[in-house]
Amino acid sequence: MSVAAPITEPLGSHGEHGGDHGAHTTATGVSNEKLAMWVFLGSECLLFGALIATYLVYKGRSLEGPYPEDVFDIPFTSLSSFVLLMSSLTMVLAVTATRRGDHRRSRIWLITTALLGAVFIGGQIYEFTVFYKEGLKLSTNLFGSTFYVLTGFHGAHVSVGIIMLLSAAFMSWRGRITQRNWESVEIVGLYWHFVDVIWIVIFTVIYLIK
Amino acid sequence: MATASSTQSPSPSRADEDMPALGKGEHGHPSDLRFIGIAVLLAVLTAIEVGLYYVEQAEAIDQRANVTLLLVLAAIKFAIVAGSFMHLKYDHPQFKRYFIGGGVLAGFCYIAVLAAFGAIPPWSWLVYGGVALVMVVLAAVRNKVFDDSHGDDHDHGDHDHADHGAHAH
């Protein structure tokens, strides 16, 4: 009954078209949506590479404080990093659950991932307010400018990722994500894992390397 | 329609067939338990990184060695997340080429910028170049090993082209 696919399909639900008519094969032999996401992530690598490089160029060149060692709370940030790391785990569990057809569990994992992401963002906001109270503003010194821009951009990406996760969970709840178009969740997962990977680099380069 | 429904029956085997290039050498996706194990490994590596920070603070380790270790650990974590969680290891080789190739080139670009501004010492070139070379060699060896047992890219492409009429785009 629901075999005939509607004209407008959610992202990734290309199974029916290709399977029935073989008319939507791609030139590369891989999913266009997935390829687009990987290319987009490549461009994001360049963006964050530029921001990290800018931070490194200006590192140690601030004329006045506060300096990194004055404000950084490594234990707290380590906890934030752990939360984001675990969100990557819950994300991949959501993808495998969707792939298996276990949509209820998939929604649970998607919402858990979004919650963990929100906890991370909350930690970032708390950290920013503490830094601000200690006198580190965007215009205070080179460290403030580069740090806030870099981590702010990352936080914005995490926030967008949370919206994507909640959207995916909602679509799953509405029955729009099936085992045929489970790739939609995988594509959201790619974005989320990338955000985690970038934090791995940021945490190491910005916080841990003096 | 009957044909469509039969091709669309959501069975794990069908989902497996739909998966493009189920990993060279990997048959099927890792289990949830394996992903949990990978997450535990990542947490341990993060703990080691934080430990190195405090070790350096106690001046028990040379700064150069500490920086190298931290960068290596970060690279390992990056590779684990990209390979396992992002399924790069199990997916079509094209994704791997675009991502890794672009990443390595971007890395050289930013290393050049940093060196031009004097933000990194000259020996960083060697470390980065060495790490990139090792990654490329390992990837090539791994691809060669699994190519021999599972066929080359053409086979993948043809296989995908034929079987991903259902999955493609």
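Trainee: Where is A:N181 found in chain A?
Mentor: A:N181 lies in the loop between α6 and α7 of chain A. Helices are DSSP runs of H or I with at least four residues, strands are runs of E with at least two, and both are numbered from the N terminus. Before we go on: this is a predicted model, where local features need pLDDT of at least 70, side-chain atom pairs count only at pLDDT 80 or more, and totals for chains, interfaces and linings use all residues. Residues are numbered from 1 along each chain as its sequence is written, chains are lettered from A and ligands numbered from 1 in the order written, and side-chain values use heavy atoms, with hydrogens and water left out.

Trainee: Is A:N181 buried or exposed?
Mentor: Start with the scale: buried means under 20% relative accessible area, exposed over 50%, and partly exposed in between, with a 1.4 Å probe and protein chains only. A:N181 is buried, because its relative accessible area is 2%.

Trainee: What does the side chain of A:N181 reach?
Mentor: Look for a polar contact: a pair of N or O atoms within 3.5 Å; within protein, one must be able to donate a hydrogen and the other to accept it, and residues adjacent in sequence count only if both atoms are side-chain atoms. Here the A:N181 side chain reaches the backbone oxygen of A:R176 at 2.9 Å.

Trainee: How many helices and strands does chain A have?
Mentor: Chain A has 7 helices and 0 strands. Of its 210 residues, 55% are buried. For contacts, the rule is heavy atoms within 4.5 Å. In chain A, 78% of the contacts with a separation of 6 or more join residues 24 or more positions apart.

Trainee: And what is the make-up of chain B?
Mentor: Chain B also comes out with 7 helices and 0 strands. Buried residues are 39% of its 169. Among its contacts between residues at least 6 apart, 66% join residues at least 24 apart.

Trainee: Which residues have the most contacts inside the largest nonpolar core?
Mentor: A nonpolar core is a set of buried Ala, Val, Leu, Ile, Met, Phe, Trp, Tyr and Cys residues joined through side-chain atoms within 4.5 Å. The largest one has 86 residues, and A:F72, A:F147, A:I206 and A:Y207 have the most contacts inside it. Elements from both chains give two or more residues, including α6 (142-173) of chain A and α4 (63-85) of chain B. α7(A) gives the most, with 18 residues.

Trainee: What does A:Y207 touch?
Mentor: Leave out residues up to four places away in sequence. Then its partners include A:F72, A:F147, A:W199 and B:Y53.

Trainee: Where is A:H154 found, and is it buried or exposed?
Mentor: A:H154 is in helix α6 of chain A. A:H154 is buried, since its relative accessible area is 0%. Beyond four places in sequence, A:H154 touches A:F48, A:L84, A:F120, A:V195, A:I198, A:W199 and A:I202.

Trainee: Which residues make the nonpolar surface patch of about 440 Å²?
Mentor: Patches use residues with over 30% relative accessible area and no salt bridge; like charges are joined within 9 Å, nonpolar side chains (Val, Leu, Ile, Met, Phe, Trp, Tyr) within 5 Å. A salt bridge puts a side-chain nitrogen of Lys or Arg within 4 Å of a carboxyl oxygen of Asp or Glu. This patch is made by B:L33, B:I36, B:V40, B:V44 and B:I48. B:I48 sits in helix α3 (residues 32-57) of chain B. B:I48 is partly exposed, at 40% relative accessible area.

Conventions
Areas by Shrake-Rupley, 256 points an atom, 1.4 Å probe, with all protein chains shown as cover.
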